[in-house]
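Here is a short briefing on a predicted model. Keep the structure open while you read.

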Amino acid sequence: MAAIKLPVVITANDLLSGEAVYWHPSGIWSSDLTGSKVFESLEQAQASIQGVVSDAEVIGAYLAEVLEEGNRLVSRHYREGFRARGPSNYCHGKQECLREKAAV
Amino acid sequence: MYAYSEFDRAFVRDRVSQYRDQVKRRLNGSLTEDEFKPLRLMNGVYLQLHAYMLRVAIPYGSLTPLQMRQLAAIADRWDKGYGHFTTRQNIQFNWPRLIDTPEILAALADVDMHAIQTSGNTIRNVTTDQFAGAAIDEVADPRPYAELIRQWSTDHPEFQFLPRKFKIAITGGSDDRAVIRAHDIGLQLIEVQGRIVFKVFVGGGLGRTPIIGQQLHSELAAEDLLPYLEAVLSVYNVAGRRDNKYKARIKITVSEMGIDLFREKVEAAFERLRPAFTGQDLSVLGEILAVCQSPSFLEKSQDVYFNALDSDTQFRTWVERNVTPHKHPSYASVTISLKGHGNTPGDASASQMRVMADLAERFGHKELRVSHEQNIVLPHVAQADLPEIYRQLGEHGLATANIGLVSDIIACPGMDYCALATARSIPIAQDIALRYERRESEIGDLKIKISGCINACGHHHVGHIGILGLDKAGVENYQITIGGSAGNDAVIGRKMGRGFSVEELMPALDRLIDRYLALRVDPSEAFVSTVQRLGTTPFQEALYAIDKAA
């Protein structure tokens, strides 16, 4: 397996909805990649994953590589990009949320 | 069509009840995800990229209008108003919440449906010809046998933990429309000296090691079907590899053992197992045959039909592409395209599902089928009703006349949904359909199949043009195969060379198709026939002309 490139965030799927979620510094799981807790140290990230992941909240937590572009976080790999953005064929899931936000 | 007995209903309801309790225990923390995962998978509940996904079994692709309406109701109430029909004749819902899945399964049970064995290393939904019971070339209707296999394999205690998943396809026509030789077991009903027997193929499969199934038995007596299947499964259950997931399918077992030794072992197992089948299976088959009768075909005046053929060119084009001759001369089978240009292949909205259910109710003897090519079929309609069916389909975006053309693409969900995918399939299919919309009649019969990973759910190996999406150093990359075929002459397509980026893919397809148009003898020579006549070299040259130029 390829070595993990820093920085990374902790991601998982929400137990109830299955949605891709990200660990935020405020101690919550959020569906937004933006605002995720960013780890510059792999050891810290791995230690945190043990501490924050609860089987009662999320499934399959792992570290996802990101890039910091200005104030914005973007996924390094396109798979993670799709998880963060939602499907490309319908405005569903995260895309639905983004549309709703834009409409407000 | 076969209807559930009280035994079936009680069994399915018991499973729903068990599953409801399992979800409750997962949510209250009594079960960990590791404990719960195999339980949800046994009930068809997967976790995908963005949400849970529920895969519902549609036995041999047959649905009643009542069932189709219930699928529409589920789509509206618990999903996002649509469903995705799959290459295994099932339907998938992409957005259910875990807490709702027991309610969905209960709603399915209300109409004699379930999601059992749509996952896991078990015998999956048996698939068959979408024109079963209607096809002109049919020796015998395969559905009663498919139903017998369904009953035998559902919750079969010996085959719940096979080395790997197991897929059986059965056809009754001389033309194989069920891709039987790409299945773990393929069954073809044939007639020999007035007797209906099975030709049995074994060890076919696509995925990372594509193999065309080999003949295991040339004339299996119909009454020996279940003991023989049990013998094949028993041999595989013991000999199949459990040390390596990628070598665990029966195709690898057969290939490593050799077909002759495998056959010997099956024959020995059959001798041992045959006496245990004392006629109960045949009695069940008799009951199924008794209720699985052809509808009573009505004679109607065909004037309206012939007038429409003469006067309406769009209707005539639709009939030419989407209507298949029926064993009853004044009837036809209609293939409703779920491949509107630019749409997601295999998706139908809840309202479209209701329209199709209404049409089946009013014109189609209450039968609908899901084809492995991700379309919906009304197998029995009077030709006299075709103009009205076409009109109503047109009002709901379901009258695309493209069956067998470039845009009638098989595509897996790919990386837009699937957790296993390495690249997207759906946008590629959408782009192709839109790009060739105006040229596809000129291009003629051409089956494009797209998979978003090596598992080949989009059957790319047997596409005339196959497209496989891969991850090449963090970028989506698409490999092209050509010359594959899924019919009687099933053959694995040949890989052409380096893959193409998303940006390179459409121009590459243009070069491939333009080369075909330049090389074909005349418009009646389909793409795959030209490839068979000339070999793949001229097409490979066209694909990579850009490399040489550089």
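In chain B, strand β17 (residues 448-451) pairs with strand β18 (residues 465-472) in the parallel sense, over four bridges. I448(B) stands opposite I465(B) in β18(B). The model is predicted.

**Strand β17 of chain B**
- Strand β16 (residues 410-411) of chain B also pairs with β17(B) in the parallel sense, over two bridges.
- I410(B) has K449(B) in β17(B) as its bridge partner.
- Both faces of β17(B) are covered.
- I448(B) and I450(B) are buried on one side, and K449(B) and S451(B) are buried on the other.

**Domains of chain B**
- Chain B is divided into domain 1 (6-110), domain 2 (134-291), domain 3 (306-395) and domain 4 (410-549).
- The C-alpha centres of domain 2 and domain 3 of chain B lie 32 Å apart.
- Six residues from domain 2 of chain B and seven residues from domain 3 of chain B make up their contact.
- On the domain 2 side of that contact, five residues are nonpolar, one is charged and none is polar.

**Contact between chains A and B**
- Chain A gives 21 residues to the contact and chain B gives 22.
- Helix α2 (residues 78-85) of chain A supplies the largest share of the chain A side, with four residues.
- The chain A side divides into eight nonpolar, nine polar and four charged residues.

**Confidence in chain A**
- Mean pLDDT of chain A is 91, and 91% of its residues reach 70 or more.
- Within chain A, strand β1 (residues 8-14) has the highest confidence, at 98.
- Helix α3 (residues 94-103) of chain A has the lowest, at a mean of 69.

Note on methods: Residues numbered from 1 in each chain as written. Chains lettered and ligands numbered in written order. Predicted model: local features only at pLDDT ≥ 70, side-chain atom pairs only at ≥ 80, totals over all residues. Domains from an automatic or database assignment. Contact = placed C-beta atoms within 7 Å. Nonpolar A, V, L, I, M, F, W, Y, C, P; charged D, E, K, R; others polar. pLDDT = per-residue confidence, 0-100. Buried ≥ 20, exposed ≤ 12 C-beta atoms within 10 Å, placed from the backbone. Pairing = 2+ DSSP bridges.
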